[in-house]
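User: I would like the terms in this description checked against their definitions. Please go through them one at a time.

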Amino acid sequence: MTQVSMTVNGVAASGDVEGRTLLVSFLRDQLELTGTHVGCDTSQCGACVVHVNGEAVKSCTMLALEAEGAEVSTIEGQAAPDGTLNTIQQAFQDHHGLQCGFCTPGMVMSAAALLKENPKPSEAEIRDYLEGNICRCTGYHNIVKAIMAASGQDVSAIAAE
Amino acid sequence: MPKDHGIGASPKRREDIRFLSGTGNYTDDINLRGQAYVHFLRSDVAHGKINGINTEAAAGMPGVLRIFTGADFEGVGSIPCGWQITDKHGQPMQEPAHPVLAQGKVRHVGDPIAAVVAESAAQARDAAEAIELDIEELPAVVNMKAALEEGATKVHDDLTSNLCYDWGFVEENKPAVEEAFQKAAHVTTLELVNNRLVANPMEPRVAVGDFNRASGDSTLYTTSQNPHVIRLLMGAFVLGIPEHKLRVVAPDVGGGFGTKIFHYAEEAFCTFAAKALNRPVKWTSSRSEAFISDAHGRDHVTKIELALDSDNNFIALRTDTMANMGAYLSTFAPSVPTWLHGTLMAGNYKTPLIYVNVKAVFTNTVPVDAYRGAGRPEATYQLERVIDKAARELGVDPIALRRQNFITEFPYATPVAVEYDTGDYHATMDKLEEMADFKGFAKRREASAAKGKLRGLGMNCYIEACGIAPSNLVGQLGARAGLYESATVRVNATGGLVVMTGSHSHGQGHETSFPQVIAEMIGIDESMVEIVHGDTARTPMGMGTYGSRSLAVGGSAMFRATEKIIAKAKKIAAHLMEAADADIELKDGAFSVAGTDKSVAWGDVCLAAYVPHNYPLEEIEPGLEETAFYDPSNFTYPSGAYACEVEVDPETGKVTIERFSAADDFGNVVNPMIVEGQVHGGLAQGIGQALLEGAVYDENGQLLNASYMDYAMPRASDVPFYQVDHSCATPCTHNPLGVKGCGEAGAIGSPPAVVNAVIDALQSAGRDVTHIDMPLSPSRVWQAMHG
């Protein structure tokens, strides 16, 4: 066991981990931040996306020890302290961008990373960027719409509610 | 102005707040004090005899608490099947035993052989690698046709063959169908495969077993669509635990799509082991395990023949299907290719004579059971494909051919034993023609051609039977369960309501939509209604959520319970206002006496029920809580018309979906936003089936694409924005809400439209391609073009 220390959602966190412990396991099992999910074991689904030093990372593909000293941000850190959802989270609710909610944390974290590098992405750019995030419920329609809306684009012309 | 509350409004989903802020409570988020972890050692061969399992080295590994094998489960029941089919000779289907852990033989890759319970998940996994297996590999039976041949290796030695059943429907129709085919002016024949799919809800299955030594009660937390069904099946048939000593909790569940209906061995194991070890035992499936242990879907091989007269009227239909059951009978597996498939073969058409034959086959593959649509997509696909092929052969417009044969009068009794209560197939087709802009297609085709792409337009209709179903009917058909739903409505003294429902929400948004119904009935704010589901200790007996039944059946139970609440509340109000019961009206959350200005608020009546100082105690009991069980008198029959436009790249065979339009008749709609979301999701799964997905076994029974690296799940860039519409509504006539169900329509209705569109694209370029089996991968399309 080795001690690992990092900042998670602005709070110092540390714990003893095995060399093989994945960042996602550290977050879920030791810090009890269970909002980050594990949907596959081949780094494909993106339910585990968090931000490490501002970059979107699949936390199932990174060892906890590799995050030593890092600033980690998870879905639990996205809303304001009073619970007010951030712009992306709110857009997902407004546009029904989630159903079962399992892929949602990863989708929100990926969307945040996308909008940071591309503040007004086109539909095609959004779909392309989400290549590493799988959703089985929504058919992506309302996820893409929510991200467009979160970026300030008018989505009223897009079909459906 | 759209409504802003009640039935027909689209309030934001209340459950979203917890899902969006990472505070959902999925089964894997549950960790109990003292919890141990299990790892299942699974067979890596499809068929083999277990000669020995040496667990000695593994048992001594760090953290290992105990290793279980099949021998530990000899006194335990078999995982039961919930539906018995009677074959065409009146004999019951062949029903093999399904042990919790393999006994004597392994029958598919993924069959659990041993279970290591350890202090940590990693230790359990490490120790499982140290178990020495002596398995004599036997020839695997993978192909259904080969499995049915004389002398084929048997999946189950104690059965007479690999044939589970040979079902004829309706057997008495067969001679008349044969005769009609002989008289037909034209017969169109199509052989096709309905590809095997893996449901793949994003949340893998998880089970946590717990045992309370003080009370002797067992609790199972599990990723289920129907916790009461699991309690009944596991308690009564596998572990012998009476229902009052067993609690099953299905908390937030990350998607189901059918595969979380069934009772699985891992659930029984965790419940059993928790008692044996006196510690909670948790299992979390990896995605790799999910591919080889979650029940798969579809996997039919079909020959369909459509007979038409000289005026292009459909006069008879005949189908011959082999349906893969896999190695064991999953909970509802036998019903899918039979009652959920054969009864839908009339589709939207007045074909007078239909005969359906289905042979269900055991193979050394993962069990196959219901997946979104379950039987109805298989029926729709073959029917709508053969109609399209017939239109091409006859040189007639595929829409006109369909319209000519539409059922137009309701109720309509089909020749395959169901009675459609309502529908208006011309209306949804009219709507589709408008939405999909068929008139503009020629121009779009020209634009595609200018880019070197072939554009195709495909459409189809669908009908489905939802809201399963009258218990007395399904009992006659072989169901070993009733299929009602229940609800308890508890009104608190301060006027708020808690509704305990047997329906389960795993993405459908019941916590938002169900209160819309109740709030509208009473005239109060939706925030006063809370929905409780997913816990057998907190809700009355329920049958759960599948087959698009939650609102049609569960919602009707809530409706009836709320009616009882209102009836009692009116008596209380009448007493308070010294009026006759019959004169009391409820509107906008207040009771009034007709023709007077006397009124008493909802909250005051509720308070009186619990503080009965001024109360008709000689007439009614205090309290305001009612339960209703609703058993539907018929299925519901959602229907619709779908259109797809594709572009095919002739250089590579790659198909892209350019437009998809869906016109559905769901009857009345409670929450349009949620309904449209359900359709979107179904469309993506149907498009996935048509273009991308398909579980592939090699001849040795190895699943070749058992990961997201290999099994092509639809991604955001594989699908377009969809156009959906549900304005053509013919309300269901036999449930109080007039609702039909919307959860599966998209997955049922979309595959034929996609395939019809690709065929249209290829034929437009002069390619004589009449069929390509799904998934229409670039290689398959390219080969068909150059074949």
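This is a predicted model: local features need pLDDT of at least 70, side-chain atom pairs count only at pLDDT 80 or more; totals for chains, interfaces and linings use all residues.

Analyst: Residues are numbered from 1 along each chain as its sequence is written, while chains are lettered from A and ligands numbered from 1 in the order in which they are written.

User: Why is strand E19 of chain B called mostly covered?

Analyst: A residue is buried if 20 or more other C-beta atoms lie within 10 Å of its own, exposed if 12 or fewer, and partly exposed in between, with C-beta atoms placed from the backbone. Six of the seven residues of E19(B), residues 485-491, are buried, so the strand is described as mostly covered.

User: What makes E19(B) and E25(B) a pair?

Analyst: Two strands pair if DSSP finds at least two bridges between them. E19(B) and E25(B) (residues 625-630) are joined by six bridges, so they pair, and they run antiparallel. Strand E20 (residues 497-501) of chain B also pairs with E19(B), over five bridges in the antiparallel sense. B:Val489 stands opposite B:Glu626 in E25(B) and opposite B:Val499 in E20(B).

User: What lies between E19(B) and E20(B) in the hairpin?

Analyst: Five residues separate the two strands, and B:Gly495 in the turn has a positive phi of about 100 degrees. Helices (H or I, at least four residues) and strands (E, at least two) are DSSP runs, numbered from the N terminus.

User: How do you know that chain B is in contact with chain A?

Analyst: Two residues are in contact if their C-beta atoms, placed from the backbone, lie within 7 Å. By that criterion 46 residues of chain B are in contact with 46 residues of chain A. H17(B) gives the most to the side of chain B that touches chain A, with eight residues.

User: What classes of residue does that side of chain B have?

Analyst: It has 19 nonpolar, 18 polar and nine charged residues. Ala, Val, Leu, Ile, Met, Phe, Trp, Tyr, Cys and Pro count as nonpolar, Asp, Glu, Lys and Arg as charged, and the others, Gly among them, as polar.

User: Which domains does chain A have?

Analyst: The assignment gives domain 1 (2-77) and domain 2 (87-150); such bounds come from an automatic or database domain assignment. The contact between them takes 14 residues from domain 1 of chain A and 11 residues from domain 2 of chain A. On the domain 1 side, seven are nonpolar, seven polar and none charged.
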